[in-house]
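I opened this notebook page to go through one structure step by step.

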Amino acid sequence: MKANRSIPASTVIPVLVYPDVREAVAWLSAAFGFAERVRIGENHRAQLRVGDGAVIVGDVHGERRPPRPGEVTHSVTVRVEDARAHCERARENGARILMEPTDMPYGERQYTAEDPAGHRWTFSETLADVAPEEWGGELVDPG
């Protein structure tokens, strides 16, 4: 893949819509530890990075809207080093914690939070390397 400084290098880049892009960038940075990479207009879009991943925050425009209350259309999973500490940081910054850090049979400790715009986030800390067959999954492509 060719490099381009105008777009994150990540292969998959979710675009999430927020009513106020600047407010969302500030909140996502404070609560979840994201860092702004590129700003496009004052309140149009922003590219954020986290680890080797990325997310784009977009403005409300035309049919682009944030989630409606009581409706879950997606969730973004982000890997972190310490799920418990990350959860506390998110809570202190006003995230609504939907699932406290929980150890999963597939070797991850995860928690789920909702941001002020209603987007769902799952943060995952690896505890152990567990084969999918050990918990009921099936490895289809070891690629």
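Which strand gives the largest share of the lining of the largest pocket? I found that E5 does, with four residues. I noted that this is a predicted model, in which local features need pLDDT of at least 70 and side-chain atom pairs count only at pLDDT 80 or more, while totals for chains, interfaces and linings use all residues. Residues are numbered from 1 along each chain as its sequence is written, and side-chain values use heavy atoms, with hydrogens and water left out.

**Pocket.** I looked up the volume of the largest pocket and got about 320 Å³, a volume being the space filled by probe spheres set on grid points joined across faces, edges and corners. A pocket here is an open set of points on a 1 Å grid over the protein atoms alone, where a 1.4 Å probe fits, with protein on both sides within 12 Å along at least five of seven lines, and lining residues have an atom within 4 Å of a point. The lining has 15 residues, of which Val50, Gly53, Ala54, Thr77 and Val78 lie nearest the centre. Strand E4 (53–59) and E5 each supply at least two lining residues; strands are DSSP E runs of at least two residues and helices are H or I runs of at least four, numbered from the N terminus.

**Sheet.** I then followed E5 into an open sheet of four strands, ordered E5-E8-E7-E6 with mixed pairing, where two strands pair if DSSP finds at least two bridges between them. Strand E5 (75–79) and strand E6 (96–103) stand at the edges with a single partner strand each, so one side of each has no neighbour in the sheet. Strand E7 (residues 108–114) runs antiparallel to E8 and is joined to it by seven bridges, and I noted that Ala113 has Trp121 in E8 as its bridge partner.

**Aromatic rings.** Trp121 also belongs to one aromatic cluster with Trp27, Phe32, Phe34, Tyr111 and Phe123. Rings of Phe, Tyr and Trp (its six-membered ring) pair if their centres lie within 6.5 Å, with planes under 30 degrees apart stacked, over 60 edge-to-face and the rest tilted. Is Phe34 buried or exposed? I found Phe34 buried, with a relative accessible area of 4%, where buried means under 20%, exposed over 50% and partly exposed in between, using a 1.4 Å probe and protein chains only. The rings of Phe34 and Trp121 have centres 5.4 Å apart and planes at 70°, so the pair is edge-to-face. This pair links distant parts of the chain, 87 residues apart, with Phe34 in the loop between helix H1 (21–32) and strand E2 (35–40) and Trp121 in strand E8 (residues 120–126).
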